[in-house]
Amino acid sequence: MSNNLRGKYAIAGVGHSKLGKVPEMGPIGMFAVAARNAIADAGLTKADVDGLVTRGPDDVYCHHQRVGAALGLNVTYSTSTDNGGASQVLGVAMACMAIDAGLCNTVVVGFGRDTWSRTHRNETARKRVNIGIQNQGEFGPEFGWFGAPSNYAVSARRHMKLYGTTKEQLGHIAVAFRDHASRNPNAFFQKPLTIEEYLSARMIVDPLCLYDCSIYIDGAAAVVVTSAERARDLKRPPAYVMGFGFGNRLSGWFEESNMLTTGAKEAGEAAYRMAGIGPEDVDTAQLYDCFTQMVLLQLEDYGFCKKGEGGPFAGSGALLLDGAMPTNTSGGQLSEGHTEGMLQIVEGVRQIRHEHGPDRQVKDAEVALVSGHGGNTACQSAMILAREAS
Amino acid sequence: MSEYAKPLPYPTVESEPFWEGCKRHELLLPQCRQCSGYWFPPGSTCPHCWSTEWDWKKASGRGRIHSFGIYNRVYHPGFEGEIPYVFAVIQLEEGPRMVSNVVNESPDKLDCDQPVEVVFEDVTEEVTLYKFAPAN
């Protein structure tokens, strides 16, 4: 099946707000800064923007309207998506499709949240968040089942049982991403992490320890999507959108084998098919890493290794900058900071542009796979970015 | 008896009969009249064949630990003093999986696929929770 969107659209600009602890700004304010920076990066102006896709709506109702108001925008296409951390790649795809339908020409796609401040401002805020979100419902909270770590803990233990995956192999994911973060001045954690430190860290939800979990930060990031033809005339080298795909296993994380083989399988197959490539053609992966376990599953589901072999693959050092599949070269959400996958898109673009110095640049990076994952663990999104559209 | 400090379930109109069953120490599952399939959590439509003709059936209460985690962090003040505690995804004999706790066993003695059976805990006068313990 041919697809006429392949290489027809591109990411022309990327930007982010201050990252880390930003108590002086709210999530919409940080988003506005990121959008401004992305538009400036592309060499465009406010007047060029006629589309906006944001990720909502758990923060505020009609999220895109709030962001648009903060930016003083009137547009011909805008909405907020609701696929959790899979929303950001979905947003880029929706931008491509909207431009293709003739609805708009220049779309800002972004995400921002004050996740560090909201949970660390003080102890009361921390407890209120935990109880407020988790305490209503059934078939979970009454058994002390709170938050995302549980879902990935049961996935990890089942994976260990079936495939012999070890805690140390999971640790090599955290260690590799921290190595990358040590080269990234914007990363929340820049101090290198040893496997010994990882193995002696306190457990959060066993088998997952502190370093298996991503770090919530304050921050926003945004990208600008426009036609490939137009992007070629702009300030920066275009990152061509060669393919995208989605896999949403809505039946649930506990159903069938969904906690071991995720919708990333379908998302990757669709994205590869559209781009006309396979996993062997990918030079760097920027994977949604809410937890180390989710990286392990995606390495398998995106075809970088076989199902069940994610542990030995990660343990071999494959994810390091000079490894077989340099992954999350900014440090990822485990070490740079969690912005629901938006910074993964930014890093994919920067790698494709060969923007980094030799200590952080994947040599000769031509093709990047960027992924998103989220919602109620069900949704996966994948996108292939390339330096050349041919 | 001191006041129960942990979260209690907020039943919906579709799950109310399930929780009423727990109070009688019965584990109920919806079973489809058309395809005989079971499902959980409760819902008005069979997710297998989309029939709306179904009955509440008493489950055997037997199952296996599909997977589990051990909480070492307190996320809710009601669980202070409880860690480490075990939560699990239980594979029921009838097919559905449900989230619960595994009790009456040290966490380090548990394994995936281990047989378990339901036990009921009357936590308040109004609410009974279903939990699982290693099968004899």
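This is a predicted model: local features need pLDDT of at least 70, side-chain atom pairs count only at pLDDT 80 or more; totals for chains, interfaces and linings use all residues.
Strands are DSSP runs (E, at least two residues), numbered from the N terminus, and two strands pair if DSSP finds at least two bridges between them. Within this pairing, B:Ile70 of β3(B) stands opposite A:Asp206.

The contact draws 28 residues from chain A and 29 residues from chain B; two residues are in contact if their C-beta atoms, placed from the backbone, lie within 7 Å. On the side of chain B that touches chain A, β3 (62-71), β4 (85-92) and β5 (97-101) of chain B each supply at least two residues. The largest share comes from β3(B), with 6 residues. The composition of that side is tabulated below.

| Class (side of chain B that touches chain A) | Number |
|---|---|
| Nonpolar (Ala, Val, Leu, Ile, Met, Phe, Trp, Tyr, Cys, Pro) | 18 residues |
| Polar (the others, Gly among them) | 8 residues |

Chain A contains an open sheet of 9 strands with mixed pairing, in the order β3-β2-β4-β7-β1-β8-β11-β10-β9. Its edges are β3 (77-81) and β9 (284-286) of chain A; each has a single partner strand, so one side of each is left without a neighbour in the sheet. Neighbouring strands of this sheet are turned by 25° against each other on average, direction ignored, with axes as lines fitted to C-alpha atoms. A:Val14 has A:Val223 in β7(A) as its bridge partner.

Residues are numbered from 1 along each chain as its sequence is written, and chains are lettered from A and ligands numbered from 1 in the order in which they are written. Local features need pLDDT of at least 70, side-chain atom pairs count only at pLDDT 80 or more, and totals for chains, interfaces and linings use all residues.

Technical notes:
Helices (H or I, at least four residues) and strands (E, at least two) are DSSP runs, numbered from the N terminus. Axes are lines fitted to C-alpha atoms, for helices over the stretch in contact, and angles run from 0 to 180 degrees between N-to-C directions.
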